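Trainee: I've got a chain here that I'd like to talk through with you. Can we put it up and take it piece by piece?

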Amino acid sequence: MSPGADAPAAEVGSGPARGKGRTAPADGEGGFFDPVRGSLAGIILLSLIGAVASIVPFIAIVELARAVLPALSGAPIDAGRVWIVVAVAVGALLVSFVAAFASGMVSHLADAELQLSLRRSIIRHLERLPLGWFDRRASGTVRKLVENDVVALHQLVAHAIQDVITAVAVPLISLVSLFAVQWQLALAALVPLVVTVLLYPLMMRGGEEKYAQYEQASERLANATVEFVQGIAVVKRFGQVGRSHRRYREQQDGYVEFVGTWTRDTAVIFTIIEIVTSPVVVLLWLLAAGLWLVGAGAADPIDVLPGALLGLGLTGPLMKLGNSAQFLRNAVKAQQSLTGFLALPTVPRPTTPTTPASGSVELVDVGFSYDGEHRVLDEIGATCPPGTVTALVGASGSGKSTLAKLVPRFYDVDTGHVAIGAADVREVPTAELYRQVGFVFQDVQLLRASLRDNIRLTRPDASDEEVERAATAAQIHDRILRFERGYDSVVGDDANLSGGEAQRVTIARALLADAPVLVLDEATAFADPDSESAIQAALSTLAVKRTVLVIAHRLHAIVGADQILVLDEGRIVERGTHAELVAAGGRFAAMWADYQSNHARTLPEGAES
Ligand SMILES: Nc1ncnc2c1ncn2[C@@H]1O[C@H](COP(=O)(O)OP(=O)(O)OP(=O)(O)O)[C@@H](O)[C@H]1O
């Protein structure tokens, strides 16, 4: 089950990084199972030893019966033979216990090691993925990989391998032994086995498809539940609880109906299999067959009871195979999605690492698309000299965020290049790039760590004074001191921040990083009015003496920008200072007129020019 390079990368999303980066080995360094290969061999060997040893006592019973029962008709007992048989049986029992214990130990240790190495591979790969990958799907996908997929492989190693070996080896050894003891009885023992083997495919008919449908139905129900719970506050406010609950109930009903139909369809066959493989039925069947054989003079009565006991080993473990099949199926799927994830292209390393010479930003004939087909940016050319402010404006979807994200290399351009201080960003080592470019986007991400560590994230060596200075400049210091534990308050535990406050923490973080280039989204989407003015003040502090590329939503905030780039459908359609663009009477002038009439009352003095 070595992972193949052709596994479906799409399962975890090849997305923006497609074809542009370095492809990691499908499974890290070597196969997933490399670190535990020796342990896996050990598990297989110990499970086989355990399976053989667990049958030996049954064979010993046959031998014992053959040695002791003739005594009933007066024959002498071969005491030596009896003792040997008993010793072998006890020894085998001990071996089977030790083998089960040892294989359990080895499999749990191997399982822990496998989980650790898989999680390490996932984390190592995450570190090397382009930032853009995290823009969308990331949290759900990573959670699924780390939780479900790793757990599926854990089940394979911790349980399924031993179960499959037991389920295959025990019936085989039992059958061979039974043939040696009494071949006609062995044939009779095959009957429940054959019935099961014939009926099982009938029960599993369309199983793959049904299972996929079942998974979809459970996923839809899980999503509907999450949606219902998460959206309850919103739907309540709009008086739509009934409708939302109805949608949730529909998914629930659909799930129950599907599971009901599937269960009904398979119930009869499942019950037959359960009956024909149940120990009591098998034992009765073999005893009846044995007595009939004795009656027909084909079997020795001494062999019937022990033979019937041996026959029990044929069907009992089979049921385990059904559970293990599910583990195997899950493991194969998990292995495919892990392989797909680990095959996602990582950020290519610079061929000739370069350090930017200054804080200028240059966009040269930049073209970019997310899907390789639809151009989101085309022929973008602009120069932002060090220490200047460049504002990006344009309608929603015109490509402002995408353009801004090319500078800190969330994505790599398709054509042209982005340079900082004359160095192509693709040639700037990642750590150096993040020293050069700070960014504050709308999707504020704070760690579940102390506020101090959250701010210090960009410069772990910063002193407490430096952290507090940055927080003061970001207008968040006073708020932090109001928390009982101040800077040691943990985000999400004892520090619950509003959206605007969280944004100011990220501004403090960017201030501390002190990068010469700053990319920021000035939107204050979730800021309350007080927070909004604080954020504006913090951003103004942040922008001083830096090259700033700002996505502007409120046009009065960029009246003083050194240049404004007006984007439309991924192209720069106008450029100039505010005064130049207003005077030109083009698209920006119209946007400005619109903006003024909508915000006439809130505009600061002097912004109406
Ligand atoms: N991660 C992504 N994957 C695929 N398409 C994307 C992604 N991000 C943005 N897009 C698409 O690219 C286009 C440009 O989006 P972008 O977010 O850059 O525009 P914008 O001008 O910043 O919009 P807004 O002002 O609404 O934030 C849009 O059509 C958008 O749907």
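What follows is a short exchange on its helices, cores and sheets.

Mentor: Keep in mind that this is a predicted model, where local features need pLDDT of at least 70, side-chain atom pairs count only at pLDDT 80 or more, and totals for chains, interfaces and linings use all residues. Numbering runs from 1 along each chain as its sequence is written.

Trainee: Okay, how many helices and strands are in the protein chain?

Mentor: We go by DSSP runs numbered from the N terminus, with helices being H or I of at least four residues and strands E of at least two. On that basis the protein chain has 18 helices and 12 strands.

Trainee: Which residues does UniProt list for "transmembrane region"?

Mentor: UniProt positions use the numbering we have here, with feature names shortened, and annotations may be inferred rather than shown by experiment. In the model, residues 82-106 are 100% helix and 0% strand, and residues 267-294 are 96% helix and 0% strand. Both come from the list in the unreviewed entry: 40-62, 82-106, 181-202 and 267-294.

Trainee: How far apart are the end C-alpha atoms of helix α2?

Mentor: Take 1.5 Å times one less than the number of residues as the expected span. Helix α2 covers residues 79-128, so its 50 residues should span 74 Å, and the model agrees with end C-alpha atoms 72 Å apart.

Trainee: Which residues in the largest nonpolar core touch the most other members?

Mentor: A residue is buried if 20 or more other C-beta atoms lie within 10 Å of its own, exposed if 12 or fewer, and partly exposed in between, with C-beta atoms placed from the backbone. A nonpolar core is a set of buried Ala, Val, Leu, Ile, Met, Phe, Trp, Tyr and Cys residues joined through C-beta atoms within 7 Å. The core in question has 71 residues, and the ones touching the most other members are L392 and A508.

Trainee: And which helix gives the most to this core?

Mentor: It's a helix at residues 499-513, contributing 8 residues: α15. There is also a second, separate core of 60 residues, including V85, and V85 is among the buried residues of α2.

Trainee: Is I476 buried or exposed?

Mentor: I476 sits in the loop between α13 (464-473) and α14 (477-482). Leaving out residues up to four places away in sequence, I476 touches A471, E501, R504, V505 and A508, where touching means C-beta atoms, placed from the backbone, within 7 Å. With 27 other C-beta atoms within 10 Å, I476 is buried.

Trainee: Which strands stand at the edges of the open sheet of 6 strands?

Mentor: The order is β8-β9-β10-β5-β11-β12, with mixed pairing, and strands pair if DSSP finds at least two bridges between them. Inside the sheet, β5 and β10 run parallel, joined by 4 bridges. The edge strands each have a single partner, so one side of each is left without a neighbour in the sheet: these are β8 (437-440) and β12 (571-576).

Trainee: Last one: which residue in the turn of the β3 and β4 hairpin has a positive phi?

Mentor: β3 (residues 361-369) and β4 (residues 375-384) run antiparallel with 6 bridges, and V361 stands opposite C384. The hairpin has 5 residues between its strands, and the one with a positive phi of about 80° is G372.

Note on methods: Contact = placed C-beta atoms within 7 Å.
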